[in-house]
Each structure stands twice: as structure tokens, then as C-alpha cells.
Number of protein chains: 4
Amino acid sequence: MFSVNITPRFYETDAFGHINNTVIAGWFEAGRAPIFKIFTPAMDIQQLTLILARIEIDFVAQTHYGHEVTIKTGIERVGNSSFVIIQEAWQNDVLVAKGKAVQVYFDFKTQKSDRIPDLQRTQLEALIQA
Amino acid sequence: MFSVNITPRFYETDAFGHINNTVIAGWFEAGRAPIFKIFTPAMDIQQLTLILARIEIDFVAQTHYGHEVTIKTGIERVGNSSFVIIQEAWQNDVLVAKGKAVQVYFDFKTQKSDRIPDLQRTQLEALIQA
Amino acid sequence: MFSVNITPRFYETDAFGHINNTVIAGWFEAGRAPIFKIFTPAMDIQQLTLILARIEIDFVAQTHYGHEVTIKTGIERVGNSSFVIIQEAWQNDVLVAKGKAVQVYFDFKTQKSDRIPDLQRTQLEALIQA
Amino acid sequence: MFSVNITPRFYETDAFGHINNTVIAGWFEAGRAPIFKIFTPAMDIQQLTLILARIEIDFVAQTHYGHEVTIKTGIERVGNSSFVIIQEAWQNDVLVAKGKAVQVYFDFKTQKSDRIPDLQRTQLEALIQA
């Protein structure tokens with residue numbers, strides 16, 4: 001499981017006084033960077049052959065400004081041309097949000113989804129929780 | 001069904017050249033403003049007695065800069081203390097994203113969910129698609 | 001002078017209960033879209049031959065959720081290879097922010113600034129306030 | 001001088017393939033957090049008695065995804081009720097942006113600016129570069 005630390009920014013709060021929920025969608029994208037790196041080790045993001053098909057987020061507790069957040073990212077399952085990422089956001093030992101993201105391996109030349117190559121498949125499968 | 005128009009902003013694009021997916025979460029929140037208005041007609045948002053419990057978004061097609069987007073927002077069902085919003089984003093007559101949001105009616109004094117009052121319930125139910 | 005209307009979004013507020021100041025930088029970028037259009041009439045933004053060299057923003061009054069904002073955009077002066085944009089944000093007949101942006105005409109092939117062509121120069125100069 | 005590290009996020013890029021300029025305004029706000037802490041040591045941000053009066057940013061070089069950015073923040077001068085912050089953004093030993101921010105010490109009860117107390121004044125003055 002990958003772990004990415006986020007320092008909440010003041011502009012990410014909203015008038016309720018907490019972190020705005022839509023911001024979490026961005027933090028979870030940030031948490032997926034180590035997954036992107038599997039597909040483009042040089043982080044040449046414009047060469048990334050993945051598209052995002054779906055996200056789900058459950059907001060479990062309020063997220064506060066002034067305290068670090070840890071985004072944990074793992075893999076739920078790997079299909080033929082797509083895979084499901086599972087993510088959690090933790091703050092002060094409280095689970096504040098959890099989510100899923102479905103990524104599709106995509107050939108931008110043919111504009112079609114394609115089979116995930118074995119090299120990346122192996123690395124993704126190693127991230128499935130026992 | 002409510003309809004809100006969005007003009008994509010350049011900073012909402014990403015290095016893939018399209019609107020970044022996480023931005024759609026924000027646009028769908030903007031599309032829910034008429035729902036917020038049911039609960040706080042004066043749009044005194046800090047008096048809003050709703051919390052967001054969950055979002056889901058399916059990214060159906062790429063969203064482009066330079067063309068208007070219409071966010072359509074309706075109600076799928078109304079429960080005792082929560083309700084499910086359904087949303088679609090359309091650009092140039094193409095469905096680019098669809099989503100759901102689960103909102104909970106919340107009493108901030110007791111910090112507990114509460115029964116949706118009849119006044120708001122009636123207005124929400126009127127938004128359920130036939 | 002160009003005019004662009006903005007509906008403030010809830011996620012653009014912050015814990016102070018107003019629109020976050022950094023959001024105004026984004027709104028002013030949105031207000032510059034008609035200027036971008038002078039340089040790429042088809043709004044093919046990746047063909048835009050402008051780079052942003054500098055911004056200044058004075059925050060004059062608080063900007064609120066729930067009320068439309070109008071961004072007014074004009075030209076202060078046009079130099080050889082750069083020009084200065086002046087902008088104002090108005091809400092409920094109150095000037096809430098004013099700013100400047102310096103854009104440079106840029107040749108991405110040579111990676112150097114270049115003289116603003118006469119076609120665009122004429123259109124920019126027509127936007128200078130009398 | 002304070003130093004805050006930022007990991008650029010993919011959604012912060014734009015269609016030009018680099019970090020969008022308006023994002024830097026948000027990063028500089030994040031870089032000012034240690035200044036906020038001088039005024040509210042518990043980071044109880046809603047008790048912060050500062051308002052932002054002005055920002056200026058010079059975009060010196062392109063900022064890229066995939067490489068850490070360091071925001072350096074110091075004080076230029078301290079006036080009676082306001083002070084000027086100077087900031088720089090560095091990536092791979094390249095200065096990519098520099099800026100200023102004018103903050104005003106503000107009494108929210110009287111809705112007027114007020115003299116910066118000696119306790120905070122001393123800490124701010126210690127941050128002025130020799």
C-alpha cells in the first residue's frame with residue numbers, strides 16, 4: 001500500500017470551517033501518483049496510458065485544517081484492461097474518507113482500451129491486500 | 001430537474017489537454033446549489049443543515065475547454081434522513097459525466113442526522129424523475 | 001471592456017465564510033478568456049502564443065457566496081512584445097477586487113518573446129480605456 | 001525565512017503541460033501558514049486576525065509536474081497595522097516564481113485595522129532578511 005502525506009491548505013477549507021469535500025477528490029488523485037509511476041516511471045505524465053473511468057468517495061468524518069492527512073492507496077483487483085484502486089484518508093488516527101477509483105489502460109493511438117501489460121500487471125497485483 | 005451552466009476555465013484543464021476529472025466533483029457541487037436553496041432559501045450557506053455522505057462519478061467522455069457544460073441535477077430517492085441526488089454533465093450534446101451524491105439532513109446542535117422536514121421533503125420528491 | 005459573469009461556488013469559500021482570495025486569481029484568468037480568443041479565435045488553447053509574466057491583485061472587499069460576480073477586463077497598454085491587462089471584480093455594485101496581468105507574446109518554437117502581430121495589436125489597443 | 005515543500009498535483013497542471021499559474025497563488029498561501037501560526041499558535045484559523053490586502057506574483061520560469069517545489073517565505077517590512085511578505089518558489093534549483101503579499105492586522109469586532117501587537121511584531125521583524 002502506498003502512502004502520501006498531505007498538508008491541508010487554507011484555501012481548501014470552506015465556509016463550514018472544514019476541508020471541502022470536493023478537495024478530497026483531488027487529494028485521492030495525488031495519492032494515486034505512485035500508481036501513475038508504475039506506468040510512467042519517469043513521471044512523464046503526458047505519456048500516461050491510463051484514463052480514469054470512475055470514482056467513489058465516502059465522507060466518513062470531518063477533515064480539519066492544521067493537521068496532516070495521510071492518503072493510503074492500494075489495489076482491490078486487476079481486470080483485463082482495467083483495475084480498481086482503493087484509497088483511505090486518515091487524520092489524527094481517524095478515517096475521514098475512503099474511496100475507489102477505476103482506471104482503464106488506454107491506447108491513445110487507437111483510442112481504445114487495451115490489455116494491461118504483464119510488467120505493470122505484476123506490480124499492481126503485488127499491491128492487492130492479503 | 002435543475003440545470004446549471006458552467007463555462008470551463010483554463011486552470012481546470014490538465015496536462016492531458018482536457019478538463020481534469022477532479023474538477024467535475026466541484027462542478028457537480030455547483031450543480032447542487034438549487035438543492036441547497038431548498039434548505040436555505042436565502043442561500044445563507046452556513047445555516048445549511050446538510051452534510052455530504054458520498055459521491056460517485058462516472059467519467060463517460062472527455063470534457064473540453066472552450067465549450068459550455070450543462071449540469072443537470074435531479075433526485076433519485078428520498079429516505080428518512082437522507083436523499084440521493086443524480087447528476088449529469090453534458091457538453092455539445094454529449095454526456096461527459098454522470099454522478100450521484102448522498103446528502104444527510106443533519107442537526108449540528110445534537111451532531112446527529114435528523115428526519116427531513118415535510119416542507120423540504122415535498123420539494124425533493126417533486127424532483128424525482130417519472 | 002469585456003465582461004464575464006461568475007457564479008461563486010461553495011468550494012470556493014473558505015473557513016472565514018467568504019470566497020478565498022486565491023480563487024480570485026482563477027476568476028481573473030477566466031475573465032481573460034476573451035483576450036485569449038483574440039489570439040486563438042477557435043479557442044484552441046494549446047495553440048495560444050501567450051505566457052503570463054505577472055499578476056497583481058488588490059482585495060478591496062469581501063466576496064460572498066450566493067451572489068453573482070462580474071469580472072471586467074480591459075487593456076492598460078500594449079508594448080512591443082507584451083501588454084498589460086486591467087481587471088475588476090464587482091459583486092452587488094461593490095468593487096471587491098482589482099488586478100493587473102502582464103501577458104507576453106511568445107514563440108514556443110524559438111522559446112523567445114516576439115513582437116505582437118498587427119492584427120492582434122489593433123484589437124488590444126481598441127480595448128484601452130479612453 | 002520559512003520553507004514549505006509542495007508536491008505538485010496532477011490536477012494543478014493545465015493544457016500547456018505545466019503547473020497552471022493561478023495555482024501558485026494557492027501555494028504561496030500555503031507557504032504563509034507559518035506566518036499565520038505567529039498570530040494563532042494553535043492554528044485555530046477562524047481566530048486569525050489577518051486579512052489579505054494584496055498579492056503580486058512574477059512567473060519567472062515554467063513549473064513542472066513530477067518535481068518537488070520549495071516555497072520560501074520571509075518578511076520585507078512591518079508597518080503599523082500591516083506587513084509585507086516576500087515569497088519565492090524554487091524547483092530543481094530554479095526560481096520559478098516570486099511574489100509579495102500584504103497582510104493587514106484586523107479587529108473583526110470593530111471591522112477596522114489595528115496596530116500589530118508587540119509580541120507578533122517582534123517575531124515578524126526577526127524574519128526580515130539582513
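Student: Which residue of chain D forms a salt bridge with Glu12(A)?

Tutor: In this predicted model, Glu12(A) forms a salt bridge with Arg9(D), and their closest N and O atoms are 2.9 Å apart. A salt bridge here is a side-chain nitrogen of Lys or Arg within 4 Å of a carboxyl oxygen of Asp or Glu.

Student: Before we continue, what are the ground rules for the model?

Tutor: Local features need pLDDT of at least 70 and side-chain atom pairs count only at pLDDT 80 or more, while totals for chains, interfaces and linings use all residues. Residues are numbered from 1 along each chain as its sequence is written, chains are lettered from A and ligands numbered from 1 in the order in which they are written, and side-chain values use heavy atoms, with hydrogens and water left out.

Student: How many salt bridges are there across the interface of chain A and chain D?

Tutor: The rule finds two salt bridges there. Four residue pairs across the interface of chain A and chain D are in polar contact, both residues being at pLDDT 80 or more. A polar contact is a pair of N or O atoms within 3.5 Å; within protein, one must be able to donate a hydrogen and the other to accept it, and residues adjacent in sequence count only if both atoms are side-chain atoms.

Student: Which elements of chain A give two or more residues to the side that touches chain D?

Tutor: They are helix 1 (21–31) and helix 2 (33–39) of chain A. Helix 1 of chain A gives the most, with four residues. Helices (H or I, at least four residues) and strands (E, at least two) are DSSP runs, numbered from the N terminus.

Student: And the area of that interface?

Tutor: Chain A and chain D bury about 1,500 Å² between them, 59% of it on carbon and sulfur atoms. Buried area is the accessible area (1.4 Å probe) that two parts lose on being put together, summed over both. The contact (heavy atoms within 4.5 Å) takes 17 residues from each of chain A and chain D.

Student: Switching to chain B and chain A: what is the area buried there?

Tutor: About 2,000 Å² is buried between chain B and chain A, with carbon and sulfur atoms giving 54%. Each of the two chains puts 22 residues into the contact.

Student: How many salt bridges between chain B and chain A?

Tutor: The count is four. Glu56(A) forms a salt bridge with Arg54(B), where the closest N and O atoms are 3.2 Å apart. Twelve residue pairs are in polar contact across the interface of chain B and chain A, both residues at pLDDT 80 or more.

Student: Which element of chain B gives the most to the side that touches chain A?

Tutor: Strand 2 (50–59) of chain B gives the most, with nine residues. By class, that side of chain B has twelve nonpolar, six polar and four charged residues. Ala, Val, Leu, Ile, Met, Phe, Trp, Tyr, Cys and Pro count as nonpolar, Asp, Glu, Lys and Arg as charged, and the others, Gly among them, as polar.

Student: In what sense do strand 2 of chain A and strand 2 of chain B pair?

Tutor: They pair in the antiparallel sense over five bridges, and the bridge partner of Ile55(A) is Ile57(B). Two strands pair if DSSP finds at least two bridges between them.

Student: What about chain C and chain D?

Tutor: Strand 2 of chain C and strand 2 of chain D pair in the antiparallel sense over five bridges. Ile55(C) has Ile57(D) as its bridge partner.

Student: Within chain C, which residue stands opposite Trp90(C)?

Tutor: Leu95(C) in strand 5 of chain C stands opposite Trp90(C). Strand 4 (residues 82–91) of chain C and strand 5 of chain C pair in the antiparallel sense over ten bridges. Their hairpin has two residues between the strands, and Asn92(C) takes a positive phi near 50 degrees.

Student: Last topic: why is helix 1 of chain A described as largely enclosed?

Tutor: Ten of the eleven residues of helix 1 of chain A are buried, so the helix is largely enclosed by the rest of the structure. Buried means under 20% relative accessible area, exposed over 50%, and partly exposed in between (1.4 Å probe, protein chains only). The buried residues include Trp27(A), Phe28(A) and Glu29(A).
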